[in-house]
Amino acid sequence: MDILKQLTKEFSLKPWQVENTVGLIDDGNTIPFISRYRKEATGSLDDQLLRELYDRLNYLRGLEEQKEKVISSITEQELMTDEIMASIENASTLTELEDIYRPFRPKRKTRASVAKAKGLQPLADAIYAQEKGTPSPDILAKDYLSDEVETIEDALQGARDIIAEMISDDPKGRKLLRYAIRNHGTLTVKGAKEDLGVYEMYKEYAEPVSKIATHRTLAINRGEKEGFLKVGIDFDKTIATDLLYSLHCKNNTSSTEEVITAIDDAFKRLIFPSIENEIRNELTDAANEKSIKVFGENTRQLLMQPPVKNRVTIGLDPGYRTGCKVAVVDGTGKVLDTGVIYPAPPHSKIEEAKKIIKSFVNKYGVQMFAIGNGTASHETEVFAAEVIKELNCGITYMVVSEAGASVYSASKLAAEEFPEYDVSLRSAVSIARRLQDPLAELVKIDPKAIGVGQYQHDMPQKELTSALDGVVEDCVNSVGVDLNTASPQLLSRVAGISSAVAKNIVVFREENGHFTSRSQLKKVAKLGPKAFEQCAGFLRVAESDNIFDNTAVHPESYEAAGKLLKLCKLDKNDIKKGNIEELNNQVKTIGTSALALELGIGEPTLKDIVSELSKPGRDPRDELPQPMLRSDVMSIEDLKTGMELKGTVRNVIDFGAFVDVGVHQDGLVHISQITNKYIKHPSEVLKVGDIVTVWVLDTDVKRNRISLTMRKDKLNK
């Protein structure tokens with residue numbers, strides 16, 4: 001297989017784009033670096049497409065490697081033919097390759113292998129040939145009687161076992177049956193217990209294999225794993241056996257009846273269970289792939305939420321018996337004070353709690369409250385709203401997802417960062433910082449623990465981890481990292497920087513003071529030329545005398561950037577002062593093509609340089625809608641059908657989106673209620689962090705459920 005040609009076809013790219021991209025990958029370049037600084041080579045492919053291409057490249061290379069092993073194995077058995085070789089070379093999936101190799105794969109003990117050991121292979125061959133004029137199977141079988149084969153029926157049964165395995169191993173028949181069952185089979189589900197709980201809808205359930213939604217596949221799988229459901233695939237046996245008859249029955253001789261019996265046995269005992277398992281796995285793989293993609297996109301949107309910068313914040317980690325933990329952090333995330341209050345049952349020391357919070361507000365000039373959304377969140381939110389109303393000084397609050405906060409607070413990392421605080425207070429600090437800078441705080445937590453998806457614990461953890469790590473890496477590098485303030489965890493997500501090198505950067509910073517230029521990175525232990533090339537452009541040094549060091553302009557382009565300023569009759573001081581209008585005017589006057597040619601760089605690189613010099617030190621998240629902060633609170637009882645609300649999208653899943661409307665419980669906007677037009681997935685319209693207008697469709701106070709719509713036309717229907 002020509003892998004480059006295959007990738008070109010699959011991704012609808014130009015041959016040079018694929019060739020250059022694969023070359024860059026093979027040279028050890030990271031995806032963020034290729035995406036940002038090698039646009040001329042790739043045709044400006046974005047990081048997500050590059051990762052998809054990278055994954056597919058690895059799959060196809062793995063396929064080619066497996067083909068070599070199969071060829072070697074069959075050749076060693078002296079069974080290779082031109083036809084088999086052609087089939088192997090044309091195989092486009094591992095499943096196809098496995099079908100071809102199945103007859104030659106060393107098998108454990110089977111009924112067929114036992115029969116072969118008794119010398120019944122020639123009898124099976126003679127019966128399967130179904131040649132006219134050949135004696136009947138009963139007569140043929142007499143020649144194979146022995147101490148191990150005592151009767152004619154024993155001989156015929158052994159021959160049928162061999163034929164059945166041969167039919168099962170036939171790649172053509174398997175391929176046709178797999179296609180038929182995949183497209184015409186029915187997934188059937190039945191209850192395995194009297195009380196099915198959340199799986200009640202699947203008590204008697206059936207749906208075509210070809211149409212089942214991925215989220216239902218995952219729900220059914222979980223129900224089966226937990227012992228509540230029995231799952232299988234139903235397929236018309238007549239269609240299957242007729243297909244196999246057409247492939248293996250010939251001449252209608254006396255042997256054909258034996259072959260038909262073997263076919264029926266092969267389908268029931270060998271082929272169908274195997275293909276049923278394969279298709280179930282295919283459905284699961286497809287569901288996992290889609291869910292991981294949704295999980296990754298939700299994580300991307302969550303990490304890229306705009307920071308609420310330079311505001312003194314109180315983090316509140318709610319609790320009942322153990323109280324609500326409080327942490328005051330300044331605008332940079334530094335901890336100023338901590339405490340514990342008891343505004344919720346069973347203690348309900350509300351006045352004492354108010355006194356403590358008000359003293360913190362007055363002492364430190366607090367501007368925001370960040371409230372964790374866990375246990376006792378609603379009571380804490382009501383309490384905070386009352387305090388804000390009484391203070392009447394413009395304080396706002398936001399309920400923050402505390403998913404993973406307990407994991408982080410109990411980690412070795414948190415203990416190293418806050419050795420003087422107990423686990424619960426560390427959570428309060430993390431909650432406050434999540435509001436101030438979601439990306440910087442959430443990189444300290446395993447992405448799987450962030451919890452913006454569905455069935456994440458059922459996903460293949462290796463694939464999920466790989467996908468989410470890629471998302472985190474892309475987010476960190478697209479934003480950029482302050483070299484003088486970043487934690488080791490944040491630095492380790494920068495392209496080209498390992499965890500060990502990240503720690504070395506921090507050690508260097510502590511021993512030598514703040515970095516004053518990017519070039520100082522070359523003095524960091526174990527940070528070699530390749531690592532510097534990969535990471536430098538993503539690290540910002542605001543303290544540098546060279547303004548380029550505080551932009552995404554890569555050091556390799558400094559000369560071109562300096563020459564650009566000179567051609568535009570500007571200097572670095574103009575950039576520092578924000579005099580950038582002249583730069584844009586000059587670029588328009590001269591023209592990007594002419595300028596790029598003059599500077600010896602590509603147009604994409606020139607455009608990126610101009611963009612960066614226009615906003616040195618910029619944070620791309622600042623251009624996104626700011627998070628919605630609140631100063632009051634509602635309960636589910638306050639909601640009425642038709643009520644219009646503003647809310648924040650907290651999670652996007654296959655069948656809808658959950659929206660925070662200022663009530664403890666997020667409301668569900670079903671996919672059918674998102675827009676008037678048909679959409680395949682909610683992510684086509686919504687993403688985590690979006691501020692949306694919704695209307696209340698219905699509330700179920702007892703079950704704590706809220707149904708919302710984004711379609712006002714649905715209210716009166």
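Does Arg-160 count as buried or exposed, and at what relative accessibility? At 10% relative accessibility, Arg-160 counts as buried, where buried means under 20% relative accessible area, exposed means over 50% and partly exposed lies in between, as computed with a 1.4 Å probe on protein chains only. The structure is a predicted model, in which local features need pLDDT of at least 70 and side-chain atom pairs count only at pLDDT 80 or more, while totals for chains, interfaces and linings use all residues. Residues are numbered from 1 along each chain as its sequence is written, and side-chain values use heavy atoms, with hydrogens and water left out.

Side chains of opposite charge can pair when their charged atoms come close. With a salt bridge taken as a side-chain nitrogen of Lys or Arg within 4 Å of a carboxyl oxygen of Asp or Glu, the count comes to 45 salt bridges. One of these joins the side chains of Arg-160 and Glu-258, at 2.5 Å from N to O. This pair links distant parts of the chain, since Arg-160 belongs to helix 11 (residues 152-169) and Glu-258 to helix 15 (residues 256-303), 98 residues apart; helices here are DSSP runs of H or I with at least four residues, strands are runs of E with at least two, and both are numbered from the N terminus. Glu-258, with a relative accessible area of 15%, is buried.

A further salt bridge is found between the side chains of Arg-300 and Glu-297, at 3.6 Å from N to O. Both of these residues lie in helix 15, where they are 3 residues apart, or about one turn of the helix. Arg-300 is buried, at a relative accessible area of 13%, whereas Glu-297 is partly exposed, at 27%. The pair also takes part in a network of salt bridges that links Arg-51, Glu-297, Arg-300, Glu-473 and Asp-474. In another salt bridge, the side chains of Arg-433 and Glu-441 meet at 4.0 Å from N to O, and both Arg-433 and Glu-441 are buried.

Aromatic rings were examined next. Rings of Phe, Tyr and Trp (its six-membered ring) pair if their centres lie within 6.5 Å, with planes under 30 degrees apart counted as stacked, over 60 as edge-to-face and the rest as tilted; a search of the whole structure finds 9 aromatic pairs. The rings of Tyr-37 and Phe-538 have centres 5.4 Å apart and planes at 55°, so this pair is tilted. Because Tyr-37 lies in helix 3 (residues 31-37) and Phe-538 in the loop between helix 25 (529-535) and strand 10 (539-540), the pair ties together parts that are 501 residues apart in sequence.

Lys-193 lies over the face of Phe-228, at 4.4 Å from the ring centre, and the charged end of Lys-522 is placed over the ring of Phe-532, 4.8 Å from its centre.

In helix 26 (residues 558-567), the residues Tyr-558, Ala-560, Ala-561, Leu-564 and Leu-565 are buried. Seen down the helix axis, the buried residues of helix 26 fall within an arc of 165°, so they line one face of the helix, the arc being that of the directions from the axis to the C-beta atoms. On the other side of helix 26, Glu-559 and Lys-566 are exposed. The cover over its buried residues includes helix 27 (572-577), helix 28 (581-590), helix 29 (592-599) and helix 30 (603-614). Lys-569, which follows helix 26, has a positive phi near 60°.

Strand 5 (residues 324-329) and strand 6 (residues 335-341) run antiparallel and are joined by 6 bridges, two strands being paired if DSSP finds at least two bridges between them. The two strands form a hairpin with 5 residues between them, and Gly-333 in the turn has a positive phi of about 95°.

Terms used: Contact = heavy atoms within 4.5 Å. Lys NZ or Arg CZ within 6 Å of the ring centre and 35° of its normal.
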